[in-house]
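Look at the chain below with its charged side chains in mind.

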Amino acid sequence: MAVKPKTAARTSSRYLDHLLLSLRNRSRLPARIWPDDDRHHLPQPPSSSVAAAAAAAIPVGDDSQPPPPLKLSHPLLRALEASGPASTPRFSQTLARIVISGLSRHRLAAGRLVKPLCASPSSIPLAVALFSGVDDPDAFLSNIILRAYINFDQPHQALDFFRRYALPSSVPPNHFTFPLLAKLLAELGLAREGPCIHALASRLGFEFDLYVRNSFIHMYSSLGDVDSARKLFDLDLDSDIVTWNSMIDGYIKNGMVDYARSLFDHMPETDLVTWNVMIAGHTGVGEMDAADHLFVKMPERDSVTWNTLLDGYARKGEIASARQLFDKMPIKNLVSWNIMLALCSRIKDYRECLKLFDSMIAIEDAKPDNATLVSVLTACAHLDDLVRGKWIHSLIMDRSETIRPDVLLSTALVNMYSKCGDMSSAAEVFDSMEERSVATWNSMIIGYGLHGNGEKALELFIEMEKAGQDLNETTFVCILSACAHGGMIMEGWWCFDRMVRIYKIQPRPDHFGCMLDLLGRAGFLSVSKKLVDGLLIEPVPALLGALMSACSTHCNWKLGEIIGKKLIEMKSQEIGPYVLLSNIYAAQGKWDDVAKLREMMNKNSLQNGVGFSLVSSVLENNGSVGKRNMILSMLCEMGSSIKMSLYNH
C-alpha cells in the first residue's frame with residue numbers, strides 16, 4: 001500500500017520557529033553583536049554574505065568593550081532591505097537571522113524590521129513582540145506601531161499596546177506621539193483620559209507645538225468638550241488655517257452652527273476645506289438657503305462640495321432641487337449616484353431609481369458598490385422585478401473581488417427574492433450568510449407569510465429564538481401577519497402572548513391590525529371587538545376599518561353598523577367609512593339609511609375616485625413591449641371566449 005509522502009516544511013517556517021524560540025529565551029541572546037579584533041582570525045566557512053554575517057555575530061571573547069555603533073551598511077540590514085515585503089519567505093529568513101544574532105535588540109535594526117511588519121494587520125503582533133525585546137526603545141518605534149493600529153481601524157489594540165508596552169518601557173513621547181494619542185482617544189470616546197494626555201504634553205513642553213495643539217482641539221471637539229477646545233484656540237500662539245478649520249469643525253460636530261459661522265466670517269483666510277465644512281454644517285441642520293448661498297459664493301468647488309449640498313437636499317426631501325443640482329454637476333462620482341438612488345428609494349419612486357441605475361451603468365462614470373445595489377434591490381423588491389433582481393445577483397457574483405456582500409446587501413437580496421415570490425433563492429442566500437441581522441430573519445418570515453407558508457414562517461420564528469437573535473417589534477408584525485395569511489389562529493395568539501408577556505413589547509397599532517385581520521378572517525368578531533375595546537391606546541381608524549370590513553364579510557351587521565358610525569365620527573372627511581356603512585345598510589334592505597348617507601356624502605362633497613384598469617395603465621404607459629403584447633393576446637382570447645359563450649347560449 002502506497003504511503004502518501006509528507007509535505008516538506010517551508011523554509012520560512014523553520015526560521016520563524018527559531019525566531020519565536022529566541023523571543024521566549026531572550027536572556028540567552030548574546031550581549032555583543034560584533035566580534036572583537038581576534039574574531040577576524042577565526043576560519044570562515046564559504047557561504048553567502050548573509051550567512052557569513054550571521055555567523056560572525058556569534059559572541060567570542062571578552063564582552064567588556066562596548067560594541068561599535070550600528071550602521072545601515074551592516075550586511076544583515078542590507079539583506080533586510082533587499083528581502084522585499086514582510087509576507088515573503090526571504091524576509092522571514094532574514095528576520096530570523098537578525099533575531100538569532102541579537103541584532104534585533106538594537107533600536108535601528110528594530111526600526112527597519114517593525115516598519116514592514118506594520119504594513120499588514122496580521123503581522124503587527126510580531127512587531128509588538130520585537131518592540132518588547134529592544135533594549136532601549138524610542139518614540140519612533142512606538143509611533144510606527146500606534147499609527148499602524150489606528151490606520152487599520154484597531155483603536156483598542158493601539159491603546160492596549162500603549163498601556164502594556166510603551167508606558168512600561170518608559171518611552172519618552174515626542175511631538176508625533178501626542179497627535180496619535182489624541183486621535184485614538186477621540187475615536188474611542190475616552191473623555192477622562194483626554195485631559196491627562198494634554199497635561200502630559202504640557203509638562204513636556206509640546207503644547208506650544210502647532211501640530212500637537214491642533215490635534216488637541218480636534219480631540220476635545222470630538223469628545224464634546226467645546227469649551228476646552230476653544231481655550232486652546234484662544235491661546236496667544238501661532239495659528240494656521242488647520243487651527244481655524246479644526247475649531248469650526250468642532251462647533252459643527254456639536255451642533256453649534258451659529259458659532260461656527262461667526263468664526264467662519266472672521267477667518268483671515270479660507271481654503272476649500274473651510275467652505276466644505278461650513279456648507280456641511282448648514283446642510284446638517286437643514287439650513288439649505290444658507291448652504292446654497294455659500295455654494296454660490298465659493299471661489300472654487302470640488303466633488304465634495306457638490307455632494308454635500310446634494311445630500312442636504314436629499315435628507316430634507318427637496319426632490320426637485322436635488323435633481324436639478326444633480327443634473328448640473330460637472331462630474332458625477334459614485335457618491336453622487338448613491339445619494340440620488342437612495343433618495344428615490346426612500347421616497348418610493350422605484351421606477352425612477354431603476355432608470356437612474358440604468359443611466360449610471362450606461363455612462364460608466366462610476367462602478368456600483370454595495371450601497372448602490374441595496375437601493376436598486378429595494379426598488380426591484382417593491383416593483384416585483386425578479387428578472388432585474390436576478391441580474392443584480394449575478395452582477396454581485398461576477399464582481400466578487402470588488403463587491404463583497406455584507407449583511408445589508410445580503411439582506412436586500414433576501415428581501416427581493418422573498419417579495420418576488422422566489423423563496424427557494426431567498427432561502428439559498430439566507431443559508432449562505434455567515435452573519436444575519438434581525439432584518440434578515442424578518443424578511444424571510446414575512447416572505448413565507450406573504451406566500452401562504454405560515455407553518456414555515458413559524459418554524460423560522462422558533463429557529464430565530466433558538467439562535468439567540470434579538471427580536472424586535474417588526475419581527476412580531478411579520479409573524480402575526482404570516483399567521484393571519486395562513487389562518488393559524490392559535491399560533492397567532494401564542495405569538496402575541498409571547499410578545500407581551502415574554503419580550504415585554506408594548507403592542508402597536510400594527511400588531512393589533514394583524515390580530516384583527518387574523519380573527520376577522522376566522523369570523524371571531526366578538527373577540528375582535530373585545531380586543532379593540534381593551535386597547536391601551538386610542539383605536540386608530542385603520543384597525544376599526546379592518547374590523548368593519550370583517551363584519552361585512554361575515555354578515556355581522558349590528559357590530560358593523562356600530563363601528564361604521566364611530567369611524568364616520570373619527571374620519572368625517574374620508575369616504576371609506578361612508579361606503580362600508582352604506583353597503584351594510586344596503587345588504588339589510590335599509591334603503592332610507594342608504595339615502596341619508598348619500599345626502600351626508602354630497603353635503604360633505606365626498607365622491608368616489610374614478611376607477612381605472614391596471615391593464616390600461618400597462619398598455620398606455622408603464623408596460624414593456626413584451627408585456628403589452630402578452631396582455632393584448634390575452635384580451636383577444638378572452639373576447640373570443642365570451643363571443644363563443646354567447647353564441648352557444
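Lys-390 is partly exposed, with a relative accessible area of 40%, while Asp-422 is buried at 13%. Here buried means under 20% relative accessible area, exposed over 50%, and partly exposed in between, using a 1.4 Å probe and protein chains only. This is a predicted model, in which local features need pLDDT of at least 70 and side-chain atom pairs count only at pLDDT 80 or more, while totals for chains, interfaces and linings use all residues. Residues are numbered from 1 along each chain as its sequence is written, and side-chain values use heavy atoms, leaving out hydrogens and water.

Lys-390 and Asp-422 form a salt bridge, that is, a side-chain nitrogen of Lys or Arg within 4 Å of a carboxyl oxygen of Asp or Glu. Lys-390 lies in helix 22 (residues 386-398) and Asp-422 in the loop between helix 23 (407-419) and helix 24, so the pair ties together parts 32 residues apart in sequence. Helices are DSSP runs (H or I, at least four residues), numbered from the N terminus.

The count of salt bridges comes to 17. Three of them are listed here.

| Pair | N to O distance |
|---|---|
| Asp-422 and Lys-390 | 3.8 Å |
| Arg-498 and Glu-465 | 3.0 Å |
| Arg-164 and Asp-160 | 3.5 Å |

Arg-498 and Glu-465 are both buried. Arg-164 and Asp-160 both lie in helix 8 (residues 155-166), four residues apart.

How many disulfides does the whole structure hold? The search finds zero, a disulfide being a pair of cysteine sulfur atoms within 2.5 Å. The sulfur of Cys-483 is 4.6 Å from the closest cysteine sulfur, in Cys-495, which is too far for a bond.

Technical notes: Helices (H or I, at least four residues) and strands (E, at least two) are DSSP runs, numbered from the N terminus.
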